[in-house]
Amino acid sequence: MVFQDQMRTFLDARFKDELFLADLFLDLYGTLEAFDDSLEKYVAVGLDVAFEAAENAAALRIEDRFLRFDVVFDETEPFIQVTAGKTTEDEPDIIDNIYADKASYPDSLYWQHGQEKAFDAYLKSAFTRLL
């Protein structure tokens, strides 16, 4: 019975973490989509913008730069990876890894600044070179 209890405790924590990250991903997805919608008038005058989304990923490309959110269901611990870069590069820059456990990963921009300021920092990291 001890092992069963340990296993249930572990699985309960993992389930809670994955639900938190799924909800957070949906929030980030919605914020990214709303930002994309706010750029619509610029698309009409030639700005190259594309928003793409899948079940566990969302990306916004402006000209040759992008910002992307991926939910990574790692075997040990799930997390959201925030990446950016140029569409012509092979390896994107990792801007942030957001784990559900704030105490274990306090360096995350998300946990340091909160969702709104972190999102702004993600946009700045991805698109500051366009300015």
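Okay, let's start with a pair of side chains: Gln81 and Asn97 make a polar contact, side chain to side chain, at 3.3 Å. Bear in mind that this is a predicted model, and that goes for everything I'll show you today.

So where does Gln81 sit? It's in strand β4, which covers residues 79–86. And is Gln81 buried or exposed? The relative accessibility is 19%, and buried means under 20%, so Gln81 counts as buried. If you look at what surrounds it, leaving out residues up to four places away in sequence, Gln81 touches Arg68, Phe69, Asp70 and Val72, and also Ile94, Asp96 and Asn97.

Let's zoom out to the whole protein. What is it built from? You'll find four helices and five strands. Reading from the N terminus, the order is α-α-β-β-β-β-β-α-α. If you draw a box around the C-alpha atoms along the principal axes, you get roughly 65 × 30 × 25 Å. Of the 131 residues, 33% are buried. The accessible surface comes to about 8,400 Å², and carbon and sulfur atoms hold 52% of that. One more number for the overall picture: take the contacts with a separation of 6 or more, and 42% of them are between residues 24 or more positions apart.

Now the sheet. Which order do the strands take? It goes β1-β2-β3-β4-β5, an open sheet with antiparallel pairing. Strands β1 and β5, the latter being residues 93–99, stand at the edges with a single partner strand each, so one side of each has no neighbour in the sheet. On average, neighbouring strands here are turned by 10° against each other, if you ignore direction.

Let me walk through a couple of those pairings. Strand β1, residues 49–54, pairs with β2, residues 57–62, over six bridges, in the antiparallel sense. The link from β1 to β2 is a hairpin of two residues. If you want a landmark there, find Ala50, which stands opposite Arg61 in β2.

Helix α4, residues 115–127, lies across β2, β3, β4 and β5, and runs at about 130° to β3.

Last topic: charges. As a bit of background, side chains of opposite charge can pair when their charged atoms come close. How many salt bridges does a search of the whole structure find? Five.

One is inside helix α1. Arg14 forms a salt bridge with Glu18, and the closest N and O atoms are 2.6 Å apart. The two residues are four apart in the helix, which means about one helical turn separates them. Arg14 counts as buried at 17% relative accessibility, while Glu18, at 24%, counts as partly exposed.

Another brings us back to Arg61. It forms a salt bridge with Asp48, with 2.8 Å between the closest N and O atoms. Asp48 is in the loop between α2 (40–43) and β1, and Arg61 is in strand β2, so this pair ties together parts that are 13 residues apart in sequence. Both count as partly exposed: Asp48 has a relative accessible area of 35%, and Arg61 comes in at 23%.

And then there's Lys86 with Asp64, where the closest N and O atoms are 3.4 Å apart. Why does this one tie together parts of the chain? Lys86 is in strand β4, whereas Asp64 is in the loop between β2 and β3, so the pair links parts that are 22 residues apart in sequence. Lys86 is partly exposed at 29% relative accessibility, and Asp64 is partly exposed too, at 30%.

Technical notes: Residues are numbered from 1 along each chain as its sequence is written. This is a predicted model: local features need pLDDT of at least 70, side-chain atom pairs count only at pLDDT 80 or more; totals for chains, interfaces and linings use all residues. Side-chain values use heavy atoms; hydrogens and water are left out. Buried means under 20% relative accessible area, exposed over 50%, partly exposed in between (1.4 Å probe, protein chains only). A polar contact is a pair of N or O atoms within 3.5 Å; within protein, one must be able to donate a hydrogen and the other to accept it, and residues adjacent in sequence count only if both atoms are side-chain atoms. Contact means heavy atoms within 4.5 Å. Two strands pair if DSSP finds at least two bridges between them. Axes are lines fitted to C-alpha atoms, for helices over the stretch in contact, and angles run from 0 to 180 degrees between N-to-C directions. Accessible areas come from the Shrake-Rupley method with a 1.4 Å probe; for residues, only the protein chains shown count as cover. A salt bridge is a side-chain nitrogen of Lys or Arg within 4 Å of a carboxyl oxygen of Asp or Glu.
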